[in-house]
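Here's a quick briefing to read with the model open.

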Amino acid sequence: MAPPIDAAALQALRSRLTTATVYEPGFDGYADSLIRWSDTGMKYAGVVVQPIEVADIQTALLWAQEFGVADIATKGGGHSTAGTSSSDGGLVIDLSRMKEVTVDTNKKTITAQGGATWKDVDETGAAHGLAAVGGTVNHTGVGGLTLGGGYGWLSGQYGLTIDNLLSAQVVLADGTLVTASTTENPDLFWGLRGAGYNFGVVVNFTYQGYDQADPVYAGILGFMPDKLEGVMDQLNVTLASPDARSGAMCIFSQAPDGSGPIIVVICFHNGPRENGQKQFSGLLALEPILDTLDMVPYSVVNTLQNPQATYGDRKLFKGIFYQPPLDPKFARMIFNDFMAKINAEPDLTPSAIILEFTDMRKICEVPLTETALASRNFTQNGIIFLRWTDASRDLEHRAWAREIQAKWKAELDTRTADQEAGDDVPQYINYAEPGDSVVSNIYGVNLARLQGLKAKYDPNNVFNKMHPILLK
Ligand SMILES: Cc1cc2nc3c(=O)[nH]c(=O)nc-3n(C[C@H](O)[C@H](O)[C@H](O)COP(=O)(O)OP(=O)(O)OC[C@H]3O[C@@H](n4cnc5c(N)ncnc54)[C@H](O)[C@@H]3O)c2cc1C
């Protein structure tokens, strides 16, 4: 653990802040202020500042640099399993009191403060008949998700979250507040869209909103494990002739009622029941043992995973990615490995392997160098999600996840060897834990330009927690 921050330094901080709430070790509320979505993301900060005004963010940043407080973290929704929104002995700027969302109904734009969650955006947007392109689990933060690209059920129609970001206001390391958009500081705006955690504290994001007709057709299908190959074949069909209004997610997990392994498919169609039923007719014909597909409000779709994605316990999130069509034999091998692991280690029972089936056409219409995000391609993403309680097993569980991740990487390499001439396909930054040794290509072709931007906007590397951009 890092040494405590000098008492005089803390006193100076308190005297300079105006309306922010401050938590120091040993003070009431300090322990709660450290809580993150995953216990693996929690660290003992030297001080936590919860601002409600931009001026206090500026003050805290300048104070930390003046007093040599090195480990500076920004907390948005707090979902980093690797602790990138936490600080070991240093400063956390915790935006959880800055979560206001406003709508401009004339321009159809939605502006969210940097500490808002997608629930705040989904519900405020819905009150005005609008939706923004956000994530599929509504308690994640707009901050981290947007700055790393971001996508969700509406991405088939409208692209990534960053493709719908119109502007952002950012406090830079030197304390200045700047606006970034295509017309103001466009170079910073470019960098924010895919590598954004490296440049400052984003105090608000303005997104394009879209008219969202409610309800939509969505829900959960559950299949016995013997249907795995059939389910994969059907999901491959959905990607072979994609529909921009539809998406699916396949989850290998243990049934919550303890009855054993189950294959869950979350289905989404942004349209009427008849069209949705047609889109998923192949899956429905496989006789699911669970079928909750129905017409529901769009904002409810982003709550469907909440019962499995609760706070607490130790967790890891490791990105995997595959070139469709996904080989059902490979999927079966992964499924068997995963279930064998859980049988051997019951503490891992709430874990899952999640495979996404997203129509990437709209996302790939944007040229790769138009934003900083390097993983804009037709590979599909997935997640190895492990959840356990015994902290003494952290390293072993991480090592096992890396083994599984390496199998996906090897499978991908067999499919992409001709096309990529030996280059790793960049990994989706939001699903990559920093220091991940299996897939290290995060910034791809955009790295050199990002290094130049880093030298301009954060030359002392103050913002260095999430896939830091090392200066040349
Ligand atoms: C349950 C779950 C579901 C997910 N679903 C999706 C999904 O559907 N689509 C998708 O694209 N991704 C998804 N993700 C990945 C998600 O985008 C990342 O985990 C994201 O970083 C979470 O952001 P956060 O603000 O909640 O986390 P935090 O831990 O608060 O932040 C993550 C990183 O972003 C930085 N950051 C956060 N806010 C700001 C800000 N305002 N200014 C500057 N830096 C900031 C932090 O410093 C940190 O380095 C999911 C993750 C989880 C855990």
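Leaving aside its neighbours within four places in sequence, which residues is serine 155 in contact with? They are Val133, Leu160, Lys362 and Ile363, where contact means heavy atoms within 4.5 Å.

Some ground rules. This is a predicted model, in which local features need pLDDT of at least 70 and side-chain atom pairs count only at pLDDT 80 or more, while totals for chains, interfaces and linings use all residues. Residues are numbered from 1 along each chain as its sequence is written, and side-chain values use heavy atoms, with hydrogens and water left out.

**Serine 155**
- You'll find serine 155 in helix H6 (residues 155-158); helices (H or I, at least four residues) and strands (E, at least two) are DSSP runs, numbered from the N terminus.
- Serine 155 is buried, at a relative accessible area of 0%; buried means under 20%, exposed over 50%, partly exposed in between (1.4 Å probe, protein chains only).

**Ligand site**
- There are 32 residues around the ligand, and Thr74, Gly76, Gly78, Ser85 and Tyr428 come nearest (the cut-off is a heavy atom within 4 Å).
- Asparagine 430 has a polar side-chain atom 3.3 Å from an oxygen atom of the ligand.
- On its own the ligand has 940 Å² of accessible area, and the protein covers 96% of that (Shrake-Rupley method, 1.4 Å probe).
- Strand S3 (72-75), helix H5 (142-147) and strand S10 (201-208) are the elements giving two or more residues to the shell.
- H5 supplies the largest share of that shell, 4 residues.

**Nonpolar cores**
- The largest nonpolar core has 70 residues, with Leu188, Leu192 and Phe199 making the most contacts inside it; such a core is a set of buried Ala, Val, Leu, Ile, Met, Phe, Trp, Tyr and Cys residues joined through side-chain atoms within 4.5 Å.
- Helix H7 (residues 186-195) gives the most to this core, 5 residues.
- Apart from it there is another core, of 40 residues, including Leu221, Val231, Cys250 and Leu283.

**Histidine 397**
- Helix H14 (residues 394-420) holds histidine 397, which is buried at a relative accessible area of 1%.
- Neighbours within four places in sequence aside, histidine 397 is in contact with Leu316, Glu345, Leu348, Leu386 and Trp388.

Technical notes
A polar contact is a pair of N or O atoms within 3.5 Å; within protein, one must be able to donate a hydrogen and the other to accept it, and residues adjacent in sequence count only if both atoms are side-chain atoms.
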